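Hello,

Here is the structure I promised to pass on to you. Please have a look at it before you read my notes below.

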Amino acid sequence: MLAEALQLPFGIAWRDVIDVLAVAVVLYNLLLLIRGTRAVQMLLGILFVGAVYWVARVAELQTLKRILESLLIFLPFAIIVLFQHEIRRALASFGRNPLWGFSRSQQVESTFNEIVLAATTLSSRRIGALIVIERLDGLRTYAENGIALDAVVSYDLLINIFTPDTPLHDGAVIIQGDRIAAAASFLPLTLNPELSKDFGTRHRAALGISEETDAVAVVVSEETGVISLAFDGELVRDLDPKSLRNDLYRYLISEVRPERTAVRGRATA
């Protein structure tokens, strides 16, 4: 009786429907993960090789079929190597603690004015800077390769860190919550071949850390004084103080703890 109750028309069981939906959700999230990255071109290349192999089998092209079969043996290893960055991001996103943003959102919000004021001042003085703000993915690995500070975020400290000819001037500042965890940290550079050659090391490092993690990176150009913000592998340039503050609130508060934004909106109304 139970088995008949669980049967859908055409002999389809509820278990099959759930199975198909689960696979669809996984594939959809994987496609979202690689959207706009180099992995899309690599995936298309793998699909093309698979299509050629299918044609070789149908057309009975024995030589081409055997060559492709010998190559397909190494396909699992090739996928691990080619998609190692996307695999790391997927595992990191699955392992995030959704409660982490609840305890730290208020701390992060209190640092906005200090970061925005420091970036604006550095921009007016044409002093280069790179400030990376942690969201849900931990940045301990990158903080440990710099100089540990563990100091409260402040305008004066940020200005002093990025003052030229000081020991901490080069590298990035890592901010965790309302504290500066480290300075002079080295970050991975983006490998995006489509990035303009006009961007220097700071911008490439900002894009690199935003591709590796979900962190937000604020960049001040030493040549032009332009303030930029990198997030999720994308760079937004020429920000004024208001735009920078709005973007920081969006990425560090609204998207991490959306219900806090709703409460704030009702209070304002």
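**What I found**

We will come back to both of them.

Please keep in mind that this is a predicted model, where local features need pLDDT of at least 70 and side-chain atom pairs pLDDT 80 or more, while totals for chains, interfaces and linings use all residues. Numbering runs from 1 along each chain as its sequence is written, and side-chain values use heavy atoms, without hydrogens or water.

**The overall picture**

The protein has 13 helices and seven strands (DSSP runs numbered from the N terminus: H or I of at least four residues for helices, E of at least two for strands). It has 269 residues, and 35% of them count as buried. Among the contacts (heavy atoms within 4.5 Å) with a separation of 6 or more, 61% are between residues 24 or more positions apart.

**The aromatic pairs**

How many aromatic pairs does the structure hold? There are two aromatic pairs (rings of Phe, Tyr and Trp, the last by its six-membered ring, with centres within 6.5 Å; planes under 30 degrees apart are stacked, over 60 edge-to-face, the rest tilted). Phe112 counts as buried because its relative accessibility is 4%. Tyr249, at 14% relative accessibility, counts as buried too.

The other pair brings back our opening residues: Phe231 and Tyr251 are stacked, with 4.2 Å from centre to centre and 25° between the planes. Phe231 lies in strand β6 (residues 227-231) and Tyr251 in helix α12, so this pair ties together parts that are 20 residues apart in sequence.

**The nonpolar cores**

Which residues have the most contacts inside the largest nonpolar core? They are Leu229, Leu244 and Leu248, in a core of 34 residues (a core is a set of buried Ala, Val, Leu, Ile, Met, Phe, Trp, Tyr and Cys residues joined through side-chain atoms within 4.5 Å). The helices that give two or more residues to this core are α8, α10 (155-161) and α12. The strands that do so are β1 (129-133), β3 (172-176), β4 (179-185), β5 (216-220) and β6.

If you click on Leu244 and set aside residues up to four places away in sequence, you will find that Leu244 touches Val116, Ala119, Val218, Ile227, Leu229 and Leu239. There is also a second, separate core of 20 residues, which includes Ala143, Ile174, Ala181 and Ile209.

**Two more residues to look at**

Glu114 is found in helix α8. With a relative accessible area of 28%, Glu114 is partly exposed. Beyond its neighbours within four places in sequence, Glu114 is in contact with Val153, Ser154, Tyr155 and Leu158. Glu114 and Leu157 are 43 residues apart in sequence, and their C-alpha atoms are 9.6 Å apart in space.

Is Ser221 buried or exposed? Ser221 counts as buried, because its relative accessibility is 7%. Its place is in the loop between β5 and β6. Not counting residues up to four places away in sequence, Ser221 touches Gly128, His203 and Val226.

Most residues other than glycine have a negative phi. Ala184 is not a glycine, yet it has a positive phi of about 60°. Ala184 is found in strand β4 and counts as buried, at 12% relative accessibility.

Asp232 also has a positive phi, near 55°, and is a residue other than glycine. Where does Asp232 lie? Asp232 is in the loop between β6 and β7 (234-236). Asp232 is partly exposed, with a relative accessible area of 41%.

Conventions
Buried < 20%, exposed > 50% of the residue type's maximum accessible area, 1.4 Å probe, protein only.
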